[in-house]
Amino acid sequence: MAHLLHLDSSADPERSRSRSITRAFADAWIAAAPGNTVTHRDLHRDPLPHIPDAALHWPARLRPPGAVPPADAEALQESLIAELVSADAVVVGAPMYNYSLPSSLKAWVDYIHVPGVTAPFDVDSQPLAGRPAVIVTARGASYDPGSPTDGWDHTVPPLQLILGTSLGMEVTVVATSLTLADSVAALAAELPRSQAELETALAEAAELGARLGA
Ligand SMILES: Cc1cc2nc3c(=O)[nH]c(=O)nc-3n(C[C@H](O)[C@H](O)[C@H](O)COP(=O)(O)O)c2cc1C
C-alpha cells in the first residue's frame, strides 16, 4: 500500500503529452498493489500564488530578524510540504516552456524547497531522501547531445537539482521530444520519431509505475 503525489503543469488540457504520460504512470501505480493511492495536484488548473515573501524560503529559525511572512502563505506552504512528505513517490509533469519550467510548476518548487526543512542546511533534514521522483518532460523540438540545441534544456536540470541533489530523491527522467511535429510544418519529417518517442515514454512510465508501486 503506497501513496503517489501526481503533479501536472501543462497548459494544454486536450493534447498534452506530459499529462498522458504521467497518467500512464499513475494508472500503473494504482494497479500495482491493492490499496495504492494517488493525490493529483493540477498546478495549471488550480495554480498556486507565487510566494509572496522571500522569508518563506527559510524556516522561522533561519529568517532575517523581524521577517513575518503572511500567515495564509505559511499555512499553504506547510500543507504543500506535508502533501509531498506524505507521498512514497512523486511523478512530475514538466513540459518545456521557453526552454524552462512552466511558471505554475516553478511556483510549487518555490514553496516546497526549504533549506533546513526539506533539504539539508543547518540540520541534516531530508525527509524525502531515497524516495522515487519521476520527471516527465515533453519538448516541442529536440535537444539531442551534440546537436546545435544541446544544452538548451533548462526544464529538467533544475528539477534534477531540487528533487535529486537537494531533497535526495532517486530521480528518473521520462522524456518525449519533437511533440510539435504534427503541427509545425518545418518539423513534419520528424513525425515518425515523435510518435515513436511518445510510445516509448508511455511504456516506460507504465513500467516504472508498476515497479515503483509494487
Ligand atoms: C508557452 C510555451 C512555450 C514553449 N516553449 C518551447 C521551447 O522553448 N522549446 C520547445 O521545444 N518547445 C516549446 N514549447 C512546446 C512545448 O514544449 C510542447 O508543446 C510540449 O509538448 C508541451 O507539453 P505538453 O504536451 O505536455 O503540453 C512551448 C509551448 C508553450 C505553450
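A: Two strands count as paired if DSSP finds at least two bridges between them. In this predicted model, strand E1 (residues 3-8) and strand E3 (residues 89-95) pair in the parallel sense over four bridges. Within this pairing, Leu5 stands opposite Val90 in E3. Helix H2 (residues 71-85) packs on the sheet and touches E1, E2 and E3, its direction making about 140° with that of E2.

The sheet is open and has five strands, in the order E2-E1-E3-E4-E5, with parallel pairing. Strand E2 (37-42) and strand E5 (170-176) are its edges, each pairing on one side only. On average, neighbouring strands are turned by 15° against each other, direction ignored.

Helix H1 lies across E1, E2, E3, strand E4 (132-138) and E5, and runs at about 170° to E1. This helix covers residues 17-32 and includes Arg17; Ser18 is also in H1.

Both residues belong to the annotated site: an unreviewed UniProt entry lists Ser10, Ser16, Arg17 and Ser18 under "binding site". The lining of the largest pocket includes Ser10, Ser16, Arg17 and Ser18.

Arg17 has 14% relative accessibility and therefore counts as buried, the cut-off being under 20%. Leaving aside neighbours within four places in sequence, Arg17 is in contact with Ala138, Thr176, Ser177, Thr179, Ser194, Gln195 and Leu198. Ser18 is buried as well, with a relative accessible area of 1%. Not counting residues up to four places away in sequence, Ser18 touches Asp8, Ser10, Gly93, Ala94, Pro95, Val136 and Ala138.

How values were computed:
Residues are numbered from 1 along each chain as its sequence is written. This is a predicted model: local features need pLDDT of at least 70, side-chain atom pairs count only at pLDDT 80 or more; totals for chains, interfaces and linings use all residues. Side-chain values use heavy atoms; hydrogens and water are left out. UniProt positions are given in the numbering used here, feature names are shortened, and annotations may be inferred rather than shown by experiment. On a 1 Å grid over the protein atoms alone, a cavity is a set of points where a 1.4 Å probe fits but cannot get out, and a pocket is an open set with protein on both sides within 12 Å along at least five of seven lines; lining residues have an atom within 4 Å of a point. Helices (H or I, at least four residues) and strands (E, at least two) are DSSP runs, numbered from the N terminus. Buried means under 20% relative accessible area, exposed over 50%, partly exposed in between (1.4 Å probe, protein chains only). Contact means heavy atoms within 4.5 Å. Axes are lines fitted to C-alpha atoms, for helices over the stretch in contact, and angles run from 0 to 180 degrees between N-to-C directions.
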